[in-house]
Amino acid sequence: MRIILIGPPGAGKGTQCQRLVEQLKVPHLSTGEMLRAEVRSGTAEGLRAASFMEQGHLVPDSMILGMVTKRLEAADCRAGFLLDGFPRTLPQASALDELLERRAMSVDGVLELSVPSEELVRRMLARRRADDNPEVFAKRIASFEAQTAPLLHYYDQQGKLATIDGLGDADEVFARVQRALVRFGRRAPRT
Ligand code: ADP
């Protein structure tokens, strides 16, 4: 299955992704993780990415697209994948569609983890990651609203969007994710 998980920072994507990849036995493609690895290895690309990430800005599409394209071409992605943190902008979404189309593939479904912003702030204050200071976090939420939220409409129009209530404990949320997967499975073209 080829699935995308979309949600604002702090929505609980990490936890749900972990469970999903275990269940679906597909690779977890997190652009945030890929970027953090690049930053840790201290490459020129990594340094450039860090300057955007530290300020709560998105890394330029060109850099992300190169990284994701390379990853999606790997053999382990042939049977499916879970994309986390990508696409994050409309240009990224259409680039992904083109990339998959060239290989006669498409996305099976898009899961939106929906959590009100007051709750996101509350969770952020409780967890505290390095790039989580309140000011940067507010920018990341704003960038989600401005650049990523339009993707929900894009995928809804394609009939691929499932909105999941992200409130409640991880088990409850995962049960909702399961119900959405069944719907994706029913709709997926048989090949
Ligand atoms: P979160 O989901 O908590 O916002 P991620 O781990 O997905 O965090 O990403 C961390 C940072 O990496 C983002 O704030 C952004 O700067 C950068 N990033 C990750 N994915 C993308 C992407 N697809 N496009 C642009 N920037 C990205």
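A cavity is a set of grid points where a 1.4 Å probe fits but cannot get out. The legends below concern a predicted model.

View 1. The largest cavity holds about 60 Å³ of space. Its lining is formed by Leu-5, Ile-6, Gly-7, Lys-13, Gly-85, Phe-86, Pro-87, Arg-88, Phe-144 and Thr-148. Two elements, β1 (2-6) and α7 (134-157), each give two or more residues to this lining. Sorted by class, the lining residues of the largest cavity are five nonpolar, three polar and two charged.

**View 2. A cis peptide bond between Phe-86 and Pro-87.** The bond that joins Phe-86 to Pro-87 is cis, and its omega is near -5°. Pro-87 belongs to the loop between β3 (81-84) and α5 (90-101). Both Phe-86 and Pro-87 are also among the residues that line the largest cavity.

**View 3. Lys-25, a residue with positive phi.** Although Lys-25 is not a glycine, its phi is positive, at about 55°. Lys-25 is found in the loop between α1 (13-24) and β2 (28-30). Lys-25 counts as exposed because its relative accessibility is 70%, and exposed means over 50%.

**View 4. Ala-104, a residue other than glycine with positive phi.** The phi of Ala-104 is near 55°. Ala-104 sits in the loop between α5 and β4 (109-114). With a relative accessibility of 74%, Ala-104 therefore counts as exposed.

How values were computed:
Residues numbered from 1 in each chain as written. Predicted model: local features only at pLDDT ≥ 70, side-chain atom pairs only at ≥ 80, totals over all residues. Heavy atoms only, no water. Helix = DSSP H or I, 4+ residues; strand = E, 2+ residues; numbered from the N terminus. Buried < 20%, exposed > 50% of the residue type's maximum accessible area, 1.4 Å probe, protein only. 1 Å grid on protein atoms, 1.4 Å probe; cavity = no way out; pocket = protein on both sides within 12 Å on 5 of 7 lines; lining within 4 Å. Points joined across faces, edges and corners; volume = space filled by probe spheres on them. Nonpolar A, V, L, I, M, F, W, Y, C, P; charged D, E, K, R; others polar.
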